[in-house]
Amino acid sequence: KILQLYEFLYEHRDKNMISSLKDAEVSRMIFPDNRYNKSTFNALFADLHRMLNQFLIVQNILSKELEPEDLLREELFKRGLFKSVKSSVERSWQMLSEERSGSEYFMNLFRLSNDEANLKYLSSPLHSKSSVAEDLEMIFQRGIHLCCLFTSEIYRGSENIFDKSVTLKADDAGRSAMQLSRLVDLSSLADFIVSYCADDKSRAYFRILRAERNAFSNFDDEKKYFVLKKEVVKNEDMLSSDDIRFHYGRLMKYCIMKKRSLTNTTRFDLELFEIYRKILERGYYKSQVSSHLQPELYRNILMHALKIRKFFWANRFIRDFSDELDPDRRENLRNYARIRYSFERGEFIKAMNLINKIRADNFIFKIDIRNLTLMIHFELNNLDTVKQLLASYSQFLSSVSGLSKNAVRSYKTFVKALKDLGIIRRSNSSSAEFRLKKALDGQFANRDWVLKKYIALRKD
């Protein structure tokens, strides 16, 4: 009966019909000769669910070469089959030599070195000072492997939380993780691992981490960035997909921060563009859990290409990489990209028409669309419409939950700047101009567009 249920569900997996049916109707379709019983039918579904979960567990274990060997060694140890354990250890070291470094690699390294130490302890009694020294070194290296896992996770976790907190409110768990990272001297741990770890891939991994911390802690020294980039590029073939994605994210972050801190941004505008191109060409946006291009990265790449006026490239990007987005959001984001592209090309009527087709299902994109609507109406000289939209902006912004204080401040500054632009356009107010100039001394959302409009007004 479980098999019959599975075959029916599999056969109808792409049809909407089944979701509209009641359990009794489904039961009659699968088992026409049996009387429907709710508890029996629910139990059948529960059994199928349990069997599918077990199938996925087995599939997952079999897809990873090292995990089955770990489980095998556990059973071999229980039975005292030390020669077989030794063979498994040797096979696993060979497999591990072909694995890319990262959290999973460090965990496997720790498990394997732990089993190797246990094997030596159980099968080879200590006879000399050299064997004692060898045992101590194995224990020391096992500890370093665990240190690698701990240090990499704390570093990556704290960096990811910090990045999210720029736009989003950090919850209690996020704040606790940040506090933990401040208690740990990550730079000293990285130095220690590079100096004493016997594993080449681990040392290379932490040379990258050390170079990252040097680049950001010595931010004004741009040479540190290029040292970091060299380390990442040199070792990217041995990094896991998640770590490649993470470290290229650090390169992106440095370039974005550098652009915000410089008057002449040309060098790092082009550097960031090249980083984005490489991420796309080599598929470095993919992770172990998703092969899709993330909406936020899609948006950032598009906006940067348009900002530096790479219009032909941006058009190809929309054409070639929109299909890499999650299918559920693909068409919506493609329309968003077309709105941005049309706006930057000065095709304001076309952009406004496209806005009516978009469904903003993400709060960042909701704010983007709201801001674009304001800017388009300003460009079309619909100042009364701009005034009406601005009047309700604060209420709109308060309805968007989860924004950090800095993000809210950035959007509010944009709104005030746009109000002052409208006043200057209408009445050439000196007080509005003073406020606008003061705002332009800092950073806020859509600042480049506001500055461009202000300069155009002064020319007029």
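Trainee: Where is the place of Asn37 in this chain?

Mentor: Asn37 sits in the loop between helix H2 (23-30) and helix H3 (38-63), where a helix is a DSSP run of type H or I with at least four residues, numbered from the N terminus. Please keep in mind that this is a predicted model, in which local features need pLDDT of at least 70 and side-chain atom pairs count only at pLDDT 80 or more, while totals for chains, interfaces and linings use all residues. Residues are numbered from 1 along each chain as its sequence is written, and side-chain values use heavy atoms, with hydrogens and water left out.

Trainee: Why is Asn37 called partly exposed?

Mentor: Buried means under 20% relative accessible area, exposed means over 50%, and partly exposed lies in between, for a 1.4 Å probe and protein chains only. The relative accessible area of Asn37 is 38%, so this residue counts as partly exposed.

Trainee: What makes the pairing of Asn37 with Ser39 a polar contact?

Mentor: The term asks for a pair of N or O atoms within 3.5 Å, and within protein one must be able to donate a hydrogen and the other to accept it, while residues adjacent in sequence count only if both atoms are side-chain atoms. The side chains of Asn37 and Ser39 make such a contact at 2.7 Å.

Trainee: Arg309 and Asn381 also lie in loops; what can be said of the phi of each?

Mentor: Arg309, in the loop between H14 and H15, has a phi near 65°, a positive value in a residue other than glycine. Asn381, in the loop between H18 and helix H19 (383-391), likewise has a positive phi near 65° and is not glycine.

Trainee: How do you know which exposure class each of these two residues belongs to?

Mentor: Arg309 has a relative accessibility of 53%, and therefore counts as exposed. Asn381 has 47%, so Asn381 counts as partly exposed.

Trainee: How do you know that the length of helix H14 (residues 295-307) agrees with its number of residues?

Mentor: The expected span is 1.5 Å times one less than the number of residues. For the 13 residues of H14 this gives 18 Å, and because the end C-alpha atoms are 18 Å apart, the two values agree.

Trainee: Which residues of H14 are buried, and what covers them?

Mentor: Among the buried residues of H14 are Leu297, Tyr298, Ile301 and Leu302. The cover of the buried residues includes H12, helix H13 (266-281), helix H15 (311-321), helix H16 (330-344) and H18.

Trainee: What makes a set of residues a nonpolar core, and which members of the largest one touch the most others?

Mentor: Such a core is a set of buried Ala, Val, Leu, Ile, Met, Phe, Trp, Tyr and Cys residues joined through side-chain atoms within 4.5 Å. The largest has 116 residues, of which Phe317 and Phe414 touch the most other members. Helix H18 (residues 363-379) gives the most to this core, with 9 residues. Apart from it lies another core, of 8 residues, including Leu5, Phe8, Ile30 and Leu48.

Trainee: What volume does the second largest pocket have, and which residues are closest to its centre?

Mentor: A pocket is an open set of points on a 1 Å grid over the protein atoms alone, where a 1.4 Å probe fits, with protein on both sides within 12 Å along at least five of seven lines, and lining residues have an atom within 4 Å of a point. Its volume, about 350 Å³, is the space filled by probe spheres set on the points, which are joined across faces, edges and corners. Of the 21 lining residues, Glu99, Arg100, Glu104, Asn108 and Gln288 are the closest to the centre. H6 gives the largest share of the lining, 4 residues.

Definitions and conventions
Helices (H or I, at least four residues) and strands (E, at least two) are DSSP runs, numbered from the N terminus. Contact means heavy atoms within 4.5 Å.
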